[in-house]
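Trainee: I have a structure open and would like to go through it with you. Can we start with the terms and then take the chains in turn?

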Amino acid sequence: MFGTTLVLALRSIARHKLRSFLTTLGIIIGVAAVVTMVTLGKATTAAVQKSIASLGTNILQVRPGQGFGRGGGGPRPPDFKREDVIAIREQIAGVKAVAAQAQSTATAIYEGANWSTTINGTTGDYFQVQPWPLAEGRYFTGPEEAAGKAVCILGNTVKTNLYPKGEAVGTRMRIGNISCDVIGVLSTRGQAGFGGDQDDVVIMPLKAVQRRFTGSTDVRLMLVGVDDAYQTSAVQSSIEDLLRERRKITGTKTDDFNIFDTKQISDTLTSSTTLLTGIVTAVAAISLIVGGIGIMNIMLVSVTERTREIGIRLAIGAVAREVLLQFLVEAIALSCLGGLIGLVVAQLAVLGLVGVMKVDWMFEPQINIVAFVISAVIGVVFGYFPARRAAALNPIDALRHE
Amino acid sequence: MASNGTIIRLRGVTKTYGEGATAFQALKGVDLDIDAGDFVAVMGPSGGGKSTTMNILGCLDVPTGGTFEFRGHHVETLDRDQRALLRRKYLGFVFQGFNLLARTSALENVELPLLYRGDAKKARHDTAMAALDKVGLANWWDHTPAELSGGQQQRVAIARAIVTNPDVLLADEPTGNLDSERSIEIMELLSGLNRDSGITVLMVTHEPDMAAFARTVVHFKDGLVERIEKQHRQGEAVA
């Protein structure tokens, strides 16, 4: 009997293509929206995690100011002193290395090509705290670092823009008012989920940048590498105590610097992207339910419109159960069909949007299966009421229906 | 065609619609026997009770009182689905308005009762084609109702009614929507089926010309059988 019913339902769907399409439109949109949103949410989360992983693990970032960015008004909190760096390195247990950084921006010029970029002055510790392999060339040496020699290592973006075809290593380029020897090119790190292109940078010895660009021995940023054997949070609070003391912040006054645990940032960002994904998915899920109601509406209209047909079927000898099943199977077939089309639309949407959003493409089998099952369930739930109504019709009245 | 036993037996059948003051008694105690193989025309003024009787005979409705025996089953005791199964097995319906499924080929319309009977695809196709052949529309099997004339649509409806080899064919004013020429053709088809297949035909009609094809004419009036006439069928020699 089920086979017969399925044949009847599919015939009826095929006979009313436009009506069937309009009926399923809500489901198509709902499923497509849910699957697209969840997939993109996961892709974004993955991208965020990846870019945070590229910052390194067990790293504390120490900056002047509160929180990200400048924040609020008032005078800018002072940068760190060279002595602060030494104090952290020498006085706190569990600190593997401290990479002090001074930053500036300047335009780099080589043979008519010019490129405005960030100059990052740091020490050899930088590459120890946060491994960043070279594509070619070498890191700077101890003596170069100590002397503050004008040598530089280019990020990939800078290299591509200044040296469209030629070799970079071994050349001498101008950056700001000085000229410096290019000794290495870094491997590509890619887009950070937040904060732009990590490869758009020139790395020079700290002293060189301090002397020729920032004009002071102050340090803007410290990257503290924590030994795996130590709790990052414990090291974090030790650094906080030490810096409060050194910066003379007493009592209940708030810190004028902040320490970020990259893992903490990662967790925060992951949980906020997860939350956003959840909200957007909930909205999409509502559209799926609206789609289900759409099916119910059209099926109800269709029951009224097809009253005569139902009368004929009943007169011919269909039992109530068969009529119920026919309409139910029709509703389920429609919503499953809509679900399948929705899945296809979702894959296309994801394919199109990953490019725009600059995240990696991914296929999430789980959400596809869940969305499809939900669409089938919607067919059952919202198809049942119209189907029951059809089955309850009195054959005599149904046949007389105009 | 000799009568071979009573297939339908109504005794004291009443039918009341509504309740209390607005109650309307459509049938007031109908006694009627119909022999297997008979061709019966049911006539009478509107409101006389002929449609109600046909609904009961078609197992679409149940009497309020009295008994209705069909092939020995007491139909008044059966539930909705049991009556549906009786219809499926033993009854065929032809309506005034044809009542074919729209956008559905003649063949698929005729196959419909076989689908509910659970026939396999091949059997369904062959049986339906044979039924279409009987009504002279085998070449029109792939046409939808919109592509067929009124007379052809009614033939398809008759093919659908007889495709399961029912015992009884119920026709509710089958020529009501057709011109007289088409009407005669349909009546000849029905009486031919009655003669050749022995199918019992019950037909409601207003027109004496159509009733003339029947062997028995039952006249209804005011919810009762007024009189029953036996007549020689048109075109048949007087026995």
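Mentor: First, burial: a residue is buried if 20 or more other C-beta atoms lie within 10 Å of its own, exposed if 12 or fewer, and partly exposed in between, with C-beta atoms placed from the backbone. This is a predicted model, in which local features need pLDDT of at least 70 and side-chain atom pairs count only at pLDDT 80 or more, while totals for chains, interfaces and linings use all residues. Residues are numbered from 1 along each chain as its sequence is written, and chains are lettered from A and ligands numbered from 1 in the order in which they are written.

Trainee: What share of chain B counts as buried?

Mentor: 47% of its 239 residues. For chain A the figure is 41% of 402 residues.

Trainee: And how many helices and strands does chain B have?

Mentor: Chain B has 7 helices and 10 strands. Helices (H or I, at least four residues) and strands (E, at least two) are DSSP runs, numbered from the N terminus. Chain A comes to 13 helices and 10 strands.

Trainee: Which strands of chain B make up the open sheet?

Mentor: The order is 2-1-4-5, 4 strands with antiparallel pairing. Two strands pair if DSSP finds at least two bridges between them.

Trainee: Which strands stand at the edges?

Mentor: Strand 2 (24-35) and strand 5 (73-74) of chain B; each has a single partner strand, so one side of each is left without a neighbour in the sheet. Strand 5 of chain B is joined by 2 bridges to strand 4 (residues 65-70) of chain B. Across that pairing, Phe70(B) is opposite His73(B).

Trainee: Switching to the interface. How many residues does each chain put into the contact?

Mentor: Chain B puts in 20 residues and chain A 18. A contact here is two residues whose C-beta atoms, placed from the backbone, lie within 7 Å.

Trainee: Which element of chain B gives the most to that side?

Mentor: Helix 2 of chain B, with 6 residues. Helix 2 (80-90) and helix 3 (106-117) of chain B are the elements giving two or more residues.

Trainee: What is the make-up of that side by residue class?

Mentor: On chain B's side there are 10 nonpolar, 4 polar and 6 charged residues. Ala, Val, Leu, Ile, Met, Phe, Trp, Tyr, Cys and Pro count as nonpolar, Asp, Glu, Lys and Arg as charged, and the others, Gly among them, as polar.

Trainee: OK, cores. Which residues touch the most other members in the largest one?

Mentor: Val31(A), Val40(B), Val42(B) and Ala159(B), out of 128 residues. Such a core is a set of buried Ala, Val, Leu, Ile, Met, Phe, Trp, Tyr and Cys residues joined through C-beta atoms within 7 Å.

Trainee: Which helix gives the most to this core?

Mentor: Helix 2 (residues 17-53) of chain A, with 15 residues. There is also a second, separate core of 48 residues, and Leu154(A) and Val185(A) are among them.

Trainee: Last one, Asp261(A): buried or exposed?

Mentor: Asp261(A) is buried, because 20 other C-beta atoms lie within 10 Å. Asp261(A) sits in strand 10 (residues 257-261) of chain A. Leaving out residues up to four places away in sequence, Asp261(A) touches Leu60(A), Thr232(A) and Gln236(A).

Trainee: How far is Asp261(A) from Val62(A) in space?

Mentor: 9.0 Å, C-alpha to C-alpha, although the two are 199 residues apart in sequence.
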